[in-house]
Each structure stands twice: as C-alpha cells, then as structure tokens.
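Colleague: I'm new to this one. Please show me the model and walk me through how to read it, one feature at a time.

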Amino acid sequence: MSVPQPPEPIPAARLLFSLDPAVSHLNHGSFGAVPIGVQRAQQRLRDEMEANPLRFFTQGLVDRVAHTRRHLATFLGADPEGTALVGNTTTGVAVVLQSLGLRPGDEILSTDHEYGAVTLSIQRECRRTGAESRVVAIPLAATDEEIVDAVRVALRPGRTRLLVVDQLTSATARLFPVAAIVGVAREHGVPVLVDAAHVPGMLSATVASVGADFWMGNLHKWGYAPRGTAALVVAPPWRDRIEPLVVSWEQETGFPARLEWQATLDYTSWLAAPAGLFTLRSLGVDRVRAHNAALAAYAQRVVGDALGVAPAHLPDPGGPEVAMRIIPLPRGLATTIEAARELQQRIAERLATEVAVMSWNGEGWLRLCGQVYNSPDEYERLAVRLPPLLAQR
C-alpha cells in the first residue's frame, strides 16, 4: 500500500487565521476556526448593533436574516424556503424531536455512531413522551451495502417514527451512504433526520441529493462561519409542523421565520456567515477540499505508523473528500469518555497539540483533521512525541 503524500500548501492560508502559533491545531472538526476577515465582518455588525440596538433589532433584521438564509441555502444546494438558521446541529435535532408528537409505542432509531449529545437528546425526548430509543450497531469496517442492509433490517414500519443517521460521523469519521439509507427508509414509510454537522464546506454533496425529511449541518466548522451558525432543512410535508423551542413574535409567520427569530439572540454570527463562504470561495472550494482530505490521509498514515498500526488496520473514511481520520489507540487507553477527555487534555498540555480523543464501543481513538492552516510537519512532530506520552500510563 502506497504512502499518501502530503498536499502542496495553499500559500499564505495560515495567515488568514488568528490561531496561537505555539500550538498545533489538529482538531478543526470540533469547533472550527474563524478567519480573521470573518471575525472583522462580525465585529462590524456588532458595532452596528451596539451603536443603536433598537434600530438594529426592529428595522429590517428579519429581512437581513432571510437574505442570509437564502445565500447559505444556495451554497448547500437546499431550498431556501425550507431552510431555517439555528445555533447548531444539536439544536436542530431538538427542534425536530419535539415537533414529532411522539407517543408511547413509538420509537426513534439511530446508530451507534451517533454524536453523544444527539443521543442524549433522543433519550430525553423518549423519556418525556414514553417513546423508545433503539440503536442499531454498525461495524466500523462495514461496507455501504452492509450499512444499508443493517438499517433496513432494523426498521419497524408502524413503530419507527424517525430514523436518525449521520452523513459523516463525528466519533468514527465515517461517511455513511445517506441517500441510499433515505431511499430504504422511504420504502418503509419512515422519515429520516440526517445529522450532517461536518458536511457544509467539507463535502460536495448537496442537501437536495440526500433527499432527507430533515437535514442539518453546521457552517461554523468547515464553512468558516462564526460559531453558532447552522442550517436545518425541512422537506415540504413537515414544514407546518415544525415548532421552535421558544415562541417569539414571528410565531404566526410560520416556518422558517418562527424558528429563526429568538428575540435578543446575537444574530451577527449568521449575518457574517456569508463572509466565511467568501473566504472559502476565494481560496477555491475544490482546492481546499482536496488539500484538507489529502492532509488528513497523510496524518492518519504518519501517526498510525508511529503507533504501530498496520495500514490495513487504519479505518477507511468511506470517501475521498473526508478531511477527518481516526487511528486506534493502544489497547486500554481512552476506553471511557472520561479517560478520553483526560488523555486529550494531557496531549494539549504536554505536546501543545490540540487533537480529538474519542471513546467508541469501549475502545480509544485519535481523530485528526486536515485544514488549510495545518502543515505536514505538525503531524510528523506528533508522530514522534505521542508514543512516549502514551507509554506514560
């Protein structure tokens, strides 16, 4: 198996960010990084807001948010009339769950790759309504066909009120065949919620190509938007049923405004989000995607080799555009969420390197991301310094 080659750097891309140069930031997927130009665009909006709050909030803000929504929806390949801006993907999940009208005897089906906070949200809604939460196990090495078959077998028409599935998983960095899964669920009359938290900006797939009843993704990760910017896209049959978590003055306007308007929310992150897409387009969307995916593949191989992981045992992300990769940690490390957090903090403090350490199915995993501000030597240094640290148990 050939060794992946690191990509050519994008000139001066590192200078677009205000990240601490004394730290290697190899975990873009958790909270993203906002380019300096986008920070300044948001600050100008904040200055406008603070100069005259009454005018900012009462004269044209709803229209400005709607204009921004249309811009972002177009980038995502989504219907602007079916798109609502929300704070993050987890918020969107909560909105959908509480809008379903679950009752005892109903069930929510998800996979064991689901993001932890989404799982907690499902469990809370089931406790509140008397519905059941059921999880289908998907092996890490499962093929796309095996994933679709596992979901097909797990569906229980008449009982399964919603299938929740990741487009790109957070814990395992695996791309799921969501369009095929949606097709199978539709055959059984089961609506699908696609958690696409990491998709906007990273992957080229459009929302329309997925065809889910509910799709939600963060633009503050790979889309360079300020944090707190996400899109919830809802299929036409469901739009009138979507209710906000908090009622506002736009309640009678209907979806999506009733979901977006939250009184004194700081809307500057949304209004500045197009500046993030402008940065991405200025660098070249395809160029950034190819660079980040190639860098993540190089990182996985370099660090995997240092940890003694054979190339055949490095998990395949399931797609060439994926800019996150995972590496199995030595047995016994990060087997619980608490242990994973402790190890992640230890790496940050002792190696001045930010990574994601995951505990999934009782095993520890290191997740590395590739971004335009990263360079191959950062992963090479980690490969040298990490094994001695892990040996200090």
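Colleague: Let's start with Ser 248: is it buried or exposed?

Modeller: We call a residue buried under 20% relative accessible area, exposed over 50% and partly exposed in between (1.4 Å probe, protein chains only). Ser 248 has a relative accessible area of 15%, so it is buried. Bear in mind that this is a predicted model, where local features need pLDDT of at least 70 and side-chain atom pairs pLDDT 80 or more, while totals for chains, interfaces and linings use all residues. Residues are numbered from 1 along each chain as its sequence is written, and side-chain values use heavy atoms, without hydrogens or water.

Colleague: Where is Ser 248 found, and which residues is it in contact with, leaving aside neighbours within four places in sequence?

Modeller: Helices (H or I, at least four residues) and strands (E, at least two) are DSSP runs numbered from the N terminus. Ser 248 sits in the loop that runs between strand E8 (230-234) and helix H10 (257-260). Contact means heavy atoms within 4.5 Å, and once neighbours within four places in sequence are set aside, Ser 248 has Arg 258 and Trp 261 as partners.

Colleague: What joins Phe 255 and Pro 256?

Modeller: Most peptide bonds are trans, and most residues other than glycine have a negative phi. Phe 255 and Pro 256, though, are joined by a cis peptide bond, with omega at about 5 degrees.

Colleague: On to helix packing. At what angle do H2 and H11 pack?

Modeller: Axes are lines fitted to C-alpha atoms, for helices over the stretch in contact, and angles between N-to-C directions run from 0 to 180 degrees. Helix H2 (residues 36-51) packs on helix H11 (residues 268-283) at about 155 degrees, with the axes 8 Å apart. Under 35 degrees counts as roughly parallel, over 145 as roughly antiparallel, 65 to 115 as roughly perpendicular and the rest as oblique, so H2 and H11 are roughly antiparallel to each other. Among the residues making the contact are Val 38, Ala 41 and Leu 45 of H2, and Leu 271, Ala 272 and Ala 275 of H11.

Colleague: At what angle do the axes of H11 and H12 cross?

Modeller: Roughly 80 degrees, and the axes of H11 and helix H12 (residues 285-306) come within 5 Å. H11 and H12 are therefore roughly perpendicular to each other. Leu 280, Arg 281 and Leu 283 of H11 make this contact with Val 285, Arg 287 and Val 288 of H12.

Colleague: Where does Ala 142 lie?

Modeller: Ala 142 is in the loop between strand E4 (132-136) and helix H7 (144-154). With 6% relative accessible area, Ala 142 is buried. Not counting residues up to four places away in sequence, Ala 142 touches Ile 147 and Arg 174. Gly 116 is 26 residues from Ala 142 along the chain, and their C-alpha atoms are separated by 21 Å.

Colleague: Let's zoom out. How many helices and strands does the protein chain have?

Modeller: There are 14 helices and 12 strands in the protein chain. Of its 393 residues, 57% count as buried. The C-alpha trace spans about 60 × 55 × 35 Å along its principal axes. Among contacts between residues at least 6 apart in sequence, 73% join residues at least 24 apart.
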